[in-house]
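Subject: Structure handover

Hi,

Here is the structure I promised you. Please open it next to this note, and read on for what I found.

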Amino acid sequence: MVAMLLAACGTPQITEPPDQITVQLAWAHEALFGGFYAADQRGYYAEEDLEVTFLPRPGLGSDTIAPVLDGTADFGLDYGAGLVISRAQDRPTVAIATICRRHPLVFITLAESGLSRPQDLPGHTIRTLVPGGSASAFEAMMTRLGLDPESVRQIDVGFDLSPFFAGELDILPGFLNYDVLIAREQGYEVNLILPEDYGVHLYGYTLFATEQLIEENPDLVLRFLRATLRGWQWAIENPQEAGPLALKYDSTLDAAQQAAIMEASVPLVYTGEDDIGWMRAEVWEGMYDVLLEQGLLDEPFDVHEAYTMEFLQEIYGGEQ
Amino acid sequence: MRLVRNAFTRLSTKLLLLFLLLAIIPPTVVGYLAYDNGRRTIERMTLNHLDSTSRLREAASERWIAGNETVLESLASRRHVAELVAVLASNDQADPEYRAAHDAILQDHLGPALEEEGHFLELAIIRAQDGVIVVSSDESLEGKYRESEPFFVEGKARTYVGKVSYSLSEGGAVMHVSTPIHDERGEVIGVLAGRADPAGLTEIMRAAAGVSASEDAYLVNTSRFFVTEPRFGEGFALKKAIHTKGAEACLEQGDGMGLYDDYRGVPVLGTYRWLPERELCILTELDQAEAFAPIVALRNATFAAGVVVVLCAASWA
């Protein structure tokens with residue numbers, strides 16, 4: 001009788017708390033990370049029994065890989081080239097998916113300047129290039145065309161775009177989903193010189209973890225990636241709603257601008273060629289070649305160790 | 001006397017009820033069976049119709065693609081084109097011969113083909129040795145590299161039809177078709193590439209809907225994204241994914257038909273076909289409301305007539 005009563009009352013269910021995950025973002029909170037925010041706010045992480053915290057990048061010069069290596073974060077975002085360099089430095093990072101399959105980097109000129117091809121650039125001025133980032137892409141693009149990268153003079157104007165709009169700076173290394181939007185919003189017609197049009201193919205924001213996490217807890221990596229890709233799928237389908245999700249993490253952001261950033265990010269994330277996040281060996285090999293040619297890799301290594309398709313194949317199934 | 005009158009009243013009420021039941025039940029049963037049979041017939045006929053139009057659209061798409069291939073193959077096989085491309089491949093851009101060959105290709109071949117055929121938004125010749133666009137009907141693309149693009153890599157070996165994808169350089173959804181250009185020794189010296197407008201596929205999908213107010217047809221890729229614009233949506237191509245039962249079943253690489261909710265959440269009759277050559281699904285659907293409208297109208301009319309009969313009988317009683 002007592003047993004029956006106990007059974008009727010029910011024993012309290014012991015539920016495991018969700019796994020706590022920390023993600024080191026590659027920038028301050030922005031709609032650039034809209035898919036992650038969507039996975040968080042739409043409950044995709046919760047469905048995978050995850051509770052996720054995002055760490056914004058503290059500053060431009062800060063390293064987004066170190067917090068993942070020292071355990072402050074479980075996953076991180078960095079450019080594909082940054083991860084190749086990291087790997088060459090014997091840092092045990094492994095890319096698990098690329099979020100921006102097309103790098104947003106673009107060299108912007110004012111349309112009225114008539115500068116529309118790399119061949120037009122020598123003798124002009126460019127905003128200071130970031131080593132390992134815009135500098136690598138610019139050098140690779142110019143070198144490939146037989147042009148001297150040094151023929152373009154770098155000027156430090158910080159993040160102020162007014163010298164560019166005033167014509168005091170000829171070339172602005174910027175992002176398709178940010179600087180181009182600002183320029184057009186302010187009524188400027190611009191020319192876009194895309195490194196990928198000149199044989200420089202780079203992955204943009206790429207999601208990575210440590211070798212140790214991948215080996216010791218592949219289930220956690222799989223669940224996190226699956227929820228993240230769901231978030232990105234939703235964000236791509238609903239950019240106007242996904243952009244403003246960033247305001248939860250930084251209430252000072254402008255909702256309309258975040259929606260525009262997300263809208264402009266869609267063709268960088270989903271290109272129609274492969275599934276969201278999918279990586280191709282030839283792009284990793286191309287990035288490696290560019291960096292090796294520029295002497296940015298300490299020593300040659302097998303670039304295929306810098307990424308794994310294990311989780312993407314598990315999620316999407318097989319080759320594409 | 002009163003007893004006789006009461007007995008008569010009870011009998012007449014019973015008879016009335018009996019007559020009412022006899023008047024209502026058989027027609028109701030027959031009506032239901034007729035309705036069910038009619039609905040099934042309409043369902044079968046509609047699905048067969050959708051399957052037929054789906055096949056027609058598939059054939060039209062293939063003709064459109066084959067037409068694009070033929071235009072390119074015909075251009076690439078012209079001896080004069082091959083001779084001019086050979087000049088571009090072996091001369092420096094600054095040489096007068098290079099400029100003359102460039103202009104001749106554009107004016108005598110690519111330009112007229114672009115105007116006459118109307119299949120392509122842009123035609124270009126890509127140098128085989130390095131993947132650089134040496135001639136393009138869109139001058140702003142000349143000098144750009146396409147060395148890793150599948151339409152260049154594959155196009156060196158055979159006529160190739162690419163996936164509908166987003167091009168940052170060209171600023172929108174594109175579909176590339178390409179074919180090799182050989183010199184007189186049979187060596188590949190260039191790739192002729194055409195940028196077809198995916199809107200052409202949308203037009204094909206939208207055609208053949210006839211007078212239907214809701215017949216819809218569209219293509220979906222293996223990532224579950226729309227490739228063409230559906231009838232009830234704009235800006236869906238490569239931006240909206242679809243998760244309907246029809247799309248899911250088709251992406252399992254199957255053909256079939258059935259009743260399910262479409263991308264708007266509206267109940268439809270639909271057929272789906274997997275196109276293995278293109279790795280695409282074609283879905284053709286019609287709103288159930290439109291398909292079943294005649295039988296629903298008949299059902300409603302019958303029901304209304306039945307109600308009138310009952311009301312008349314009741315008032316007479």
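Let me start with a sheet. Chain A holds an open sheet of 5 strands in the order 2-1-3-10-4, with mixed pairing. Strand 2 (50-55) and strand 4 (93-98) of chain A stand at its edges with a single partner strand each, so one side of each has no neighbour in the sheet. From one strand to the next, the twist averages 30 degrees. Helix 10 of chain A packs on this sheet and touches strand 1, strand 2, strand 3 (75-79), strand 4 and strand 10 (205-210) of chain A. The direction of helix 10 makes about 30 degrees with that of strand 4 of chain A. Such angles run from 0 to 180 degrees between N-to-C directions, with axes fitted to C-alpha atoms, for helices over the stretch in contact.

One pairing in detail: strand 1 (residues 19-24) of chain A runs parallel to strand 2 of chain A over 6 bridges. There, A:D19 stands opposite A:L50. Strands count as paired if DSSP finds at least two bridges between them. Helices (H or I, at least four residues) and strands (E, at least two) are DSSP runs, numbered from the N terminus.

Some ground rules. This is a predicted model, in which local features need pLDDT of at least 70 and side-chain atom pairs count only at pLDDT 80 or more, while totals for chains, interfaces and linings use all residues. Residues are numbered from 1 along each chain as its sequence is written, and chains are lettered from A and ligands numbered from 1 in the order in which they are written.

Chain A overall

Chain A has 14 helices and 10 strands. Its C-alpha trace spans about 95 × 45 × 35 Å along the principal axes. Of the 320 residues in chain A, 47% are buried. Buried means 20 or more other C-beta atoms within 10 Å of the residue's own, with C-beta atoms placed from the backbone. Take the contacts in chain A between residues at least 6 apart in sequence: 80% of them join residues at least 24 apart. A contact means C-beta atoms, placed from the backbone, within 7 Å.

Domains of chain A

The domain assignment of chain A gives domain 1 (19-102 + 202-316) and domain 2 (105-198). Such bounds come from an automatic or database domain assignment. The C-alpha centres of the two domains of chain A lie 25 Å apart. Their contact takes 16 residues from domain 1 and 12 residues from domain 2 of chain A. Which helix gives the most to the domain 1 side? Helix 12 of chain A does, with 5 residues. By class, that side of domain 1 has 12 nonpolar, 3 polar and 1 charged residues. Ala, Val, Leu, Ile, Met, Phe, Trp, Tyr, Cys and Pro count as nonpolar, Asp, Glu, Lys and Arg as charged, and the others, Gly among them, as polar.

Where chain A meets chain B

The contact takes 19 residues from each of chain A and chain B. On the chain A side, helix 10 (218-237) and helix 12 (255-269) each supply at least two residues. Helix 10 of chain A gives the most, with 3 residues. The chain A side divides into 6 nonpolar, 6 polar and 7 charged residues.

Chain B

The domain assignment of chain B gives domain 1 (43-63 + 201-293) and domain 2 (77-197). Their C-alpha centres lie 34 Å apart. In chain B, 4 residues of domain 1 are in contact with 4 residues of domain 2.

Look at strand 9 (residues 280-287) of chain B: 8 of its 8 residues are buried. B:L280, B:I282, B:T284 and B:L286 lie on one side, and B:C281, B:L283, B:E285 and B:D287 on the other. Strand 9 of chain B pairs antiparallel with strand 6 (residues 216-221) of chain B over 6 bridges. Here B:N221 is the bridge partner of B:L280. Strand 8 (residues 267-275) of chain B also runs antiparallel to strand 9 of chain B, joined by 8 bridges. B:W274 stands opposite B:C281. The hairpin of strand 8 and strand 9 of chain B has 4 residues between the strands, and B:E279 takes a positive phi near 55 degrees.

Best wishes

Definitions and conventions: Buried ≥ 20, exposed ≤ 12 C-beta atoms within 10 Å, placed from the backbone. Contact = placed C-beta atoms within 7 Å.
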